[in-house]
Amino acid sequence: MNHSKQTPSRLAEAILSWFCKGNLLEEILGDLQEYQKDLVDKPSWKRPILYWFNVFQFLRPSLAKQLSGTKKLNNYGMLKIYFKSSSRNFFKHRLISSMSLLSLVFGALCFHLVYVWINNEDEMDRFHKNVDAIHMSQAKFNPQSDFEPLSLQMFFGMDFTQFTHIRSALMIHTYYQGQIELITENRDFNGKGCVVDSTFFEFFDFKLNNGETKNLLTNPSNIILSHEYAEKVFGDTNPIGRTVQIRCDQTGTYQVAGVLEKIPSNSSISFDFLIPRHSRNFWAKIPQEFILVDSSFDPIDFNNQIAEMGRANSRHKESILSSIPFTSLYLEHPFDLSLFEKQGDSSSISTMKFIAVVILLITLLCFTGLQITLHLSSTRKMGVKRVIGATKWNLFVEVMVSRLHYLLISTVMAYLLFSWIFPWYTSIMEIQIDRNYMMDLKSILIVITSVTGISAIFIVAQLFKVEVKEALTNKLIFLQVPKIQRLLTTIQYSVTIVLIVGTVVVFSQFNFMINKDTGLDHERIISVDFLDMENRDDSEEEVQNQQKNFQYLVNQMMQNPDIVDVSQGELPISSIASPASWKRMGSDSEYTSQNHMTVDTRYDDILGIELIQGRFFSDSLDRSRQNKVVINEAAYKYWEFSDLKDAKLANTHWGGEEDPWRVIGVVKDYHYEHLSNEIKPLILLFLQDNEEGFLVKAQPGKVMKSVSFLEQLYKEVNPKGIFEYDLLEDKVEAQYTKEKRVGKVYLAFTVVALLLSSIGLFTFAFHETKRRTKEIGIRKINGAGVYQIFSMLSFSFLKSIIIAFVVACPVSWYFMNKWLENFAYRADIGWWLFVLTGLISVLVAMIAISWQTLDVARKNPVESLRYE
Amino acid sequence: MEKEYLGELEELILLLILTLKEEAYGLAISKALKERANRTVTIGAVHGTVTRLEKKGFIESTLGGATEERGGRRKRLFTLTASGKKVLQKSRDVKVTLWAQIPELAVK
């Protein structure tokens, strides 16, 4: 026998002495030691396992030491009692408690959902260390036009080294999906590629999976992949060192030199791979240019300095050069650049902030109301405690402990719910947000703590105000519950009604915009560019070749039975009309910047544009580049033409006043820009150009067939190119996808707000009816019927809703009118809207209260009189 | 007393305390459970149950019988109280009555 095995483990005894009750300890340790002796029959490897298993089996609550202090009335013991009494209270008032918990959880959840989004917007691009020092170049060729994101080095021969404040410059050519292909092992991958200078990583702090980004782009045969793209292309295998082919307007072989970490969700820039710009001499895509400046850089001063530097070149005599801070690009998005995946919207940020505040307010009101109800129902208990000898301080601690209870439970619930709902939320909103677990927990905790904390202040104030005598008589309950609750419910409902009206207005506005007539017959229009390869040279041979191709294309398309008509012209709605300086001949007015678009003779037929006066361009009467224009109604009104006899326009670029353009027709207004814009004057020019894109109208039901026909045709003409097309219907549809999405979010939050308010009202009704049970019994005995009692009670609740409605209507009307001013075409805020809102809120309120009121109204008066 | 009913393990332990007479202490009960009822129950679980039974007032305990193999520590010896005996009796009666109501043939 091995004696050492039989001495009881010191550790086990120490654990048990610490844990187990003193009076049981002796026998426990004794039993254990005896047991150890019995274990000698077992195999030796099993002994410690069995022994320790038995030791741990002693660690059970019934054998545990009582927490010291329960016997004496010290603070710890009291705390335990408080916890017990607060959980008992919870179960005693199950309804109100779970409603409070629910409101807290939902409030915190919704607030945090909004907050996560706002935070992501606020943090946009902040992970680049130098983000505030990055500026983008922009320029315009004449003072009337808008700024364009042009490279100053490329177009104006700017030399940035002459400026001491500029540390470096960067050019980025962005090839988006469909314009560039990455080929490896005979498989083609689409992707978004950026061709960048080697200074890229001085500007933007994207991190490499492993290693340093420094010097990675100096080797012209290197390529850097994003994390997701590397996974997509190479799967689980290591991509480093693999060779890939790139095909766009250039082709080349590259070697994967690095893989970046996942691009954070708060990056407005996104790409699948980066290619060193100096690996080829020429890239066809127009680049964007960024400059990195030092801390003493003054943007205003710099812009003044460079403004006229481009005029040295005789071709750009009117040009203005400038720069714009990189950080302003996200929210103001003056340019539609494919480099940026995301665009912010300052108006929806402020709306979301407003919603967050409203939700928080409603949660606070709801929770406070519920807690006050709960507290008042236990004033008598508090009074008794005071009589026995509890100080106000003791009661305060008790309130705080019950708050702590709510805080812990609701934080856990809200956090779990958030984790569950988050993926769904981001997919509905079509946003990308990286989760930050600690931040989520922290922010939920802060919201819940502040709500419970503020509501505790009310209760504590009540606590310190109330005298023992008052607390013990029932006077308090009868007097104070309705007043406070009525007030809170009214405020809650007013805020909710404002939100409902807001949502209804937002929806009717969106609906109005979506269903608004574009003025065009936009069905079945396919837009396709055949001859738009930007790197085509201008050689004689090439031009002839193009002419031949053009004729061939037109013939082929016209012969296809699936195609109704073909026109060459700019696609309305999506393409941006070009501005130029125009003025009416024979008037004193100045030149003003107006939009023009180029069309051909069939443009009006294919798009169903209606003619009001004069005629459209026709093959028999007009030829390309004659000085004739067709204008729209807005332009006709703008220049105050009365008839077309002597209607002429002059353009600064094309001939000026010596060679004016004759107006031959006026077309009805149609939307040629974004649908939310007001229709501005438009001048249609007949400029035939072989390179111009085609608009093709397909036969009904033959759209996809026509598209595949066009693709074949495209391959014939451009064997190397990548076929792209647009459908006008899609473009029209896509105009409001964001609005629809935002609408969904507003709706969801409004429903939550309404629910929270209903919870408040429901509990208010619950208590009020309870309080009046006896009164109702007496009324019934005196002859009141169910209906009378029901309507009496209902009206007493509906009163606060009516007051809320009266308060909320003008407020919401004011705010929504302000909001609608953002739109050129507005839906009316009709009276029906307020009636609808009123009906919704009354209906929901009735559902919330009738449960209680009907119950009480139908009660046997004998029961209600006995009720105490 | 709030709860008069007995759990299965509780009942077994009460019965074993009766059968073990003078030697009814934690480890002995645990061993007896293994031998006579073929149940493996740790000493800790036995202690938990007897503590509960004592709280309910079915058993009482005295300290005694310190032996060397226990490191000189005393055992806690259990005996049934009157209410403990009563509750066992009651539990048996219930079962006997129920069994009596089943015709012999119905159970095989």
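Modeller: Within chain B, 45% of the contacts with a separation of 6 or more are between residues 24 or more positions apart; two residues are in contact if their C-beta atoms, placed from the backbone, lie within 7 Å. This is a predicted model, in which local features need pLDDT of at least 70 and side-chain atom pairs count only at pLDDT 80 or more, whereas totals for chains, interfaces and linings use all residues. Residues are numbered from 1 along each chain as its sequence is written, while chains are lettered from A and ligands numbered from 1 in the order in which they are written.

Chain B contains 4 helices and 2 strands, arranged along the sequence as α-α-α-β-β-α. Helices (H or I, at least four residues) and strands (E, at least two) are DSSP runs, numbered from the N terminus. Of the 108 residues in chain B, 28% are buried; a residue is buried if 20 or more other C-beta atoms lie within 10 Å of its own, exposed if 12 or fewer, and partly exposed in between, with C-beta atoms placed from the backbone.

At the interface, 18 residues of chain B are in contact with 19 residues of chain A. On the chain B side, two or more residues each come from α2 (26-37), α3 (43-56) and β2 (75-80). Helix α3(B) supplies the largest share, 7 residues. By class, this side has 4 nonpolar, 7 polar and 7 charged residues, where Ala, Val, Leu, Ile, Met, Phe, Trp, Tyr, Cys and Pro count as nonpolar, Asp, Glu, Lys and Arg as charged, and the others, Gly among them, as polar.

Chain A holds an open sheet of 11 strands with mixed pairing, in the order β4-β3-β7-β8-β6-β9-β5-β2-β10-β1-β11; strands pair if DSSP finds at least two bridges between them. Its edge strands, β4 (187-190) and β11 (320-325) of chain A, each pair on one side only. The twist averages 35° from one strand to the next, given that axes are lines fitted to C-alpha atoms, for helices over the stretch in contact, and angles run from 0 to 180 degrees between N-to-C directions.

Strand β9(A), residues 273-276, joins β5(A) in parallel through 4 bridges, with V196(A) opposite P276(A). Strand β6(A), residues 222-225, runs antiparallel to β9(A) and is joined to it by 2 bridges; I224(A) has L274(A) as its bridge partner. From β9(A), F273(A) and I275(A) point one way and L274(A) and P276(A) the other, and all are buried. Strand β5(A), residues 193-196, also pairs with β2(A), residues 166-175, in the antiparallel sense over 4 bridges, and G193(A) is the bridge partner of Y175(A). Helix α9(A), residues 299-306, lies across β1(A) and β11(A), running at about 160° to β11(A).

A further open sheet of chain A has 4 strands in the order β13-β21-β12-β22, with antiparallel pairing. Its edge strands are β13 (563-568) and β22 (725-727) of chain A, and its twist averages 25° from one strand to the next. Helix α20(A), residues 703-717, packs on this sheet, touching β12, β13, β21 and β22 of chain A, and its direction makes about 15° with that of β12(A).

Finally, F464(A) is found in helix α14(A), residues 437-465. F464(A) counts as exposed because 11 other C-beta atoms lie within 10 Å.
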